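Hi everyone, thanks for making time today. Please take a look at the structure on the screen, and I'll walk you through it.

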Amino acid sequence: MFLTSSDGYIRLTQEQLVRIELVHLISGFDDPNSSSDAIVTGYTEWVSVMNHDGSAISVGWDWQLRRVGGVSNLARISSPRSNLMMQDNSITDLGQFKSEIILATFVDALHWQDNTLSHIMLGCTAPVHQSH
């Protein structure tokens, strides 16, 4: 269980974070006029199920489409953006920089690429559950 603090953050430890199940919310391409034809970039956002009080975790990041050996794959190209503030085991805030590092590791461990690629290529809107 998690709650939104008065400053808008949801505070979690790493142990709590790895137990969170995320659902694909939205993915899309960036403005095609803002990049060259050779580089395709976009965004994705994943969320937790809402708590009884309406609190939900949101984690989003930017990606780049890469083709290696004729196979398309996505790579994260930005730090994750989130409403999470990570805490250590003594429940002390780790700050924005350390939280971003922990969230980047968390996102990189998810198997988000195939689901996100499917959504952007097919224009799907159905949720895709992702857990550790």
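Predicted model: local features only at pLDDT ≥ 70, side-chain atom pairs only at ≥ 80, totals over all residues.

Residues are numbered from 1 along each chain as its sequence is written, and side-chain values use heavy atoms, with hydrogens and water left out.

So, what is the protein chain built from? There are three helices and eight strands, where helices (H or I, at least four residues) and strands (E, at least two) are DSSP runs numbered from the N terminus. Reading from the N terminus, the order is β-α-β-β-β-β-β-β-α-α-β.

Of the 132 residues in the protein chain, 37% are buried. Here buried means under 20% relative accessible area, exposed means over 50%, and partly exposed is in between, with a 1.4 Å probe and protein chains only. Among contacts (heavy atoms within 4.5 Å) with a separation of 6 or more, 50% join residues 24 or more positions apart.

Now to the charged pairs. How many salt bridges does a search of the whole structure find? The search finds four, a salt bridge being a side-chain nitrogen of Lys or Arg within 4 Å of a carboxyl oxygen of Asp or Glu.

Have a look at Arg11, which is partly exposed at 21% relative accessibility. Arg11 forms a salt bridge with Asp7, with the closest N and O atoms 2.8 Å apart. Arg11 also meets Asp93 in a salt bridge, at 2.9 Å from N to O. Asp93 sits in the loop between strand 7 and helix 2, while Arg11 is in strand 1 (residues 10–13), so this pair ties together parts that are 82 residues apart in sequence.

Another salt bridge joins Asp108 and Arg76, whose closest N and O atoms are 2.8 Å apart. This pair links distant parts of the chain, with Asp108 in helix 2 and Arg76 in strand 5 (residues 71–76), 32 residues apart. Asp108 is partly exposed at 44%, and Arg76 is partly exposed at 25%.

Last stop: Ile91, in the loop between strand 7 (84–87) and helix 2 (95–109). The phi of Ile91 is near 65°, a positive value in a residue other than glycine. Is Ile91 buried or exposed? Ile91 is exposed, with a relative accessible area of 54%.
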